[in-house]
Amino acid sequence: MTTSFHELLASLDRTAFGTWVKLPTVDSVELLAHAGFDFLVVDMEHSPLDMLTVHQLLGAARGYGLPALVRVPDRTPSTISRVLDSGAAGVLVPHVDTAADARTVVSAGRFPPHGTRGYGPTVRAGAWGADVPGYRTSGEEIAVIPQLESREAIDAVREIGVVDGLAALFVGPADLAVATGLAAGSPAFAGLLDDVASAAKELELPLGTAVGTAAAARELATHHDFVMISNDASMLGQAARALVADARGR
């Protein structure tokens, strides 16, 4: 049985490490599972993945007992509902800038009376109709995680964080740097990240972020509960370039 994202974070005495899945092949999920990642995030925002492919990737992850979130492309309730029905452990939602945005995405992930998600247990999340109680329960266990990627979101982090039903907070550092115009290594930028970290601690919410290298992940692990490292496409590209350069003696 696949562990929920909440259970994963609660079970570890260290930071959970995950990676993005961008390539449209279940082989990526299999390779990443064997590599030892704690969880995966299927990336619909910055990849060409369609709903059918996401459904297949989620099925592969569940086969390995690996919690898989989906970064949805937007806050559309229909997309959130469909990826959850396909067995996602939760959703990572980009550009949540206000408490109203957060309430919208939480509602999209919850069944009535706590939300607006459509009820249809004859899907993977309901064992195709064989586990109706489990389907109902899954509606309360899924992880809804807002991505904070703008100055507006950082300014509103405490109002966002108190929205009932959020599983964690996540800072998108690349988007935040672009949105604010601040250099990622600047004191002003570090101040924004520190504010989010302080808010997460005050609110007792897990905090996540994304980086490109293992060294950066080790550095951030001390004050983050989960960290995304690289992605399947980048790993393949980097390994391929290194192999070719090595073969050519460079």
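Let me begin with Phe-111, which is buried, with a relative accessible area of 1%. Before going on, note that this is a predicted model.

Phe-111 has a ring partner, Tyr-119. Their ring centres are 5.5 Å apart and their planes stand at 75°, so this pair is edge-to-face; the cut-off for that label is over 60 degrees. Is Tyr-119 buried or partly exposed? Tyr-119 is partly exposed, with a relative accessible area of 42%. Phe-111, to repeat, is buried.

That brings me to the aromatic pairs in general. A pair of aromatic rings is described by the distance of the centres and the angle of the planes. How many aromatic pairs does the structure hold? There are 8. One of them is formed by Trp-20 and Phe-170, with ring centres 6.2 Å apart and planes at 85°, so this pair too is edge-to-face. Where do the two residues sit in the chain? Trp-20 belongs to strand β1, residues 16–21, and Phe-170 to strand β6, residues 169–171. The two are 150 residues apart, and their pair links distant parts of the chain.

Trp-20 is buried at 7% relative accessible area, and Phe-170 is buried at 1%. Ring pairs also join Trp-20 and Phe-170 to Phe-5, Phe-39 and Phe-226 in a cluster. Trp-20 has a charged neighbour as well: Arg-71 lies over the face of its ring, at 3.9 Å from the ring centre.

Next, Leu-207. This residue is in strand β7, residues 207–211, and counts as buried, at 4% relative accessibility. What does Leu-207 touch, leaving aside residues up to four places away in sequence? Its contacts include Leu-169, Val-171, Val-196, Ala-200 and His-223. Phe-226, a member of the ring cluster, is also among the residues that Leu-207 touches. Ala-197 is 10 residues from Leu-207 along the chain, and their C-alpha atoms are separated by 7.1 Å.

Last, a pair of helices. Two packed helices are described by the angle between their axes and the distance between the axes. Helix α4 covers residues 77–85 and helix α5 residues 99–109; they pack at an angle of about 40°, with axes 8 Å apart. The two helices are therefore oblique to each other, and α4 passes α5 in a right-handed crossing. Which residues make the contact? From α4 they are Pro-77, Ile-80 and Leu-84, and from α5 they are Val-105, Ala-108 and Gly-109.

Technical notes
Residues numbered from 1 in each chain as written. Predicted model: local features only at pLDDT ≥ 70, side-chain atom pairs only at ≥ 80, totals over all residues. Heavy atoms only, no water. Phe/Tyr/Trp six-rings, centres within 6.5 Å; stacked < 30°, edge-to-face > 60°. Buried < 20%, exposed > 50% of the residue type's maximum accessible area, 1.4 Å probe, protein only. Lys NZ or Arg CZ within 6 Å of the ring centre and 35° of its normal. Contact = heavy atoms within 4.5 Å. Axes fitted to C-alpha atoms, helices over the stretch in contact; angles between N-to-C directions. Parallel < 35°, antiparallel > 145°, perpendicular 65-115°, else oblique. Left-handed = near helix turned anticlockwise from the far one by under 90°.
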